[in-house]
Amino acid sequence: MIDFRSDTVTRPTQEMRQAMASAEVGDDVYGDDPTVNSLQDYAADRLGFEAALFTPTGTQANLLAIMSHCGRGDEYLCGQSAHNYRYEGGGAAVLGSIQPQPIENEPDGSIDLAKARAAVKADDFHFAMTRLLSLENTIGGKVLSLDYQRQARAFCDEHQLRLHLDGARVFNAAVKSNCDVTEITRYYDSVSVCLSKGLGAPVGSILVGSKEFIARATRLRKMLGGAMRQAGILAAAGRIALEQGPLRLHEDHENAEYLAAGLVEIPSMAINPANTQTNIVYAHCRHGKAAALRDFLATRGILITAGDPIRFVTHRDVGRTDIDRLLGEIRQFYQSHQ
Ligand SMILES: *Cc1c(COP(=O)(O)O)cnc(C)c1O
């Protein structure tokens with residue numbers, strides 16, 4: 001199967017499997033797993049923070065961040081299309097009793113800071129206490145500018161808010177911004193990063209922040225059932241993902257551009273190639289035949305996410321020849337489905 005549904009589908013490399021098989025392990029709940037400890041130290045350093053925590057998922061890393069920054073009855077500002085508002089089961093509200101205050105994202109994925117300012121609640125007992133702004137970079141494959149993130153930091157300082165980054169794909173953002181990842185992460189109080197997407201690990205995310213923040217998150221991770229035992233097996237692959245994964249993300253971006261350029265040539269597809277900034281390509285099916293296209297492609301061994309728009313994600317396990325095959329099959333489909 002050629003899988004364009006997500007960059008989460010990457011399989012661990014031979015090198016990762018070997019590192020997993022030979023990883024030194026201990027009970028991480030006792031803090032005894034040297035491979036987890038080493039990954040956390042490396043991640044904290046790599047992202048420019050005091051401390052890091054290895055988590056089973058990005059969803060949990062975001063939840064820990066929101067719950068560590070906010071208490072029961074507080075609120076966080078986030079984008080209407082933020083992953084940690086839309087796609088995480090409402091965890092902050094359900095499990096943290098923290099109210100989300102979503103704000104419509106701008107077309108570039110940012111949150112207009114004037115709208116954020118208007119949403120910050122006054123100190124009045126009628127209102128929840130606004131504690132946190134949560135941004136996402138990349139968001140829908142789009143990159144927030146460094147200048148915008150600097151302004152967001154200033155905004156948070158002005159209003160005594162904490163600033164969290166859902167950086168599931170922050171290394172894709174760094175590649176596109178042509179900067180070291182710390183040029184982005186420096187603006188934030190905490191950052192979550194998925195090791196299991198384009199970076200290629202089979203499982204796991206990282207949350208970084210101050211020592212005190214990570215101590216709170218560690219307590220909450222235990223409460224939420226995310227404290228694992230010989231997790232070094234997973235951290236061993238995560239370490240390789242974090243060290244080596246970023247070095248090849250530019251290939252995914254080039255492949256996404258190549259795919260977008262190919263889709264532009266297909267009249268039944270509506271696509272603005274300027275929107276393809278990293279490894280995610282969105283295209284509308286002009287005839288509303290996305291589901292039929294998905295089913296057709298599946299019979300040809302190709303998997304896509306058939307929303308409106310259709311989403312194609314490039315990653316380590318799809319190359320140029322796979323993209324050529326995809327484009328060929330899409331053309332074939334439209335020849336018989338005008
Ligand atoms: C994938 C993703 C997450 C959550 O990661 P999981 O490991 O799937 O829980 C969070 N935020 C963003 C932006 C993501 O793309």
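## Before you start

Because the model is predicted, local features are given where pLDDT is at least 70 and side-chain atom pairs count only at pLDDT 80 or more, while totals for chains, interfaces and linings use all residues. Residues are numbered from 1 along each chain as its sequence is written, and side-chain values use heavy atoms, with hydrogens and water left out.

## Around the ligand

Which residues are around the ligand? They are Thr-57, Gly-58, Thr-59, Asn-62, His-83, Glu-88, Glu-136, Asp-166, Ala-168, Arg-169, Cys-194 and Lys-197. Helix H3, residues 58-69, gives the most to the shell, with 3 residues. Helices (H or I, at least four residues) and strands (E, at least two) are DSSP runs, numbered from the N terminus.

The space taken by the ligand is the largest pocket. A pocket here is an open set of points on a 1 Å grid over the protein atoms alone, where a 1.4 Å probe fits and protein lies on both sides within 12 Å along at least five of seven lines. A molecule sits in a pocket if more than half of its atoms lie within 2 Å of the grid points.

A polar backbone atom of Gly-58 is 2.8 Å from an oxygen atom of the ligand. Asp-166 brings a polar side-chain atom to 2.6 Å from a ligand nitrogen atom. For Lys-197, an N or O atom of the side chain is 2.6 Å from a ligand oxygen atom. Taken alone, the ligand exposes 380 Å², and the protein buries 83% of that. Such areas come from the Shrake-Rupley method with a 1.4 Å probe; for residues, only the protein chains shown count as cover.

## Buried residues

Is Thr-55 buried or exposed? Thr-55 is buried, because its relative accessible area is 0%, and buried means under 20%, exposed over 50% and partly exposed in between (1.4 Å probe, protein chains only). Thr-55 belongs to strand S2, residues 51-55. Its side chain reaches the backbone oxygen of Thr-57 at 2.9 Å. Thr-55 and Ser-205 are 150 residues apart in sequence, with 5.2 Å between their C-alpha atoms.

Glu-75, in strand S3 (residues 74-79), is buried with a relative accessible area of 0%. Its C-alpha atom is separated by 7.0 Å from that of Leu-132, 57 residues apart along the chain. Leu-249 lies in helix H12, residues 249-264, and counts as buried at 0% relative accessibility. From Leu-249 to Thr-278 there are 29 residues in sequence and 8.7 Å in space, C-alpha to C-alpha. Phe-4 sits in the loop between strand S1 (2-3) and helix H1 (14-21), and Phe-4 is buried as well, at 0%.

## Backbone details in the loops

Where are the cis peptide bonds? One joins Asn-137 and Thr-138, with omega about 0 degrees. Thr-138 is in the loop between strand S5 (129-136) and helix H7 (146-158). Another joins Asp-308 and Pro-309, with omega about 10 degrees. Pro-309 is in the loop between strand S11 (302-303) and strand S12 (310-313).

Positive phi values can be found too. Ser-97, a residue other than glycine, has phi near 55 degrees. Ser-97 is in the loop between helix H5 (91-96) and strand S4 (99-103), and counts as partly exposed at 29% relative accessibility. Gln-160 has a positive phi of about 50 degrees although it is not a glycine. Gln-160 is in the loop between H7 and strand S6 (162-166), and is exposed, with a relative accessible area of 68%.

Technical notes: A residue is near a molecule or strand if one of its heavy atoms lies within 4 Å of it. A polar contact is a pair of N or O atoms within 3.5 Å; within protein, one must be able to donate a hydrogen and the other to accept it, and residues adjacent in sequence count only if both atoms are side-chain atoms. On a 1 Å grid over the protein atoms alone, a cavity is a set of points where a 1.4 Å probe fits but cannot get out, and a pocket is an open set with protein on both sides within 12 Å along at least five of seven lines; lining residues have an atom within 4 Å of a point.
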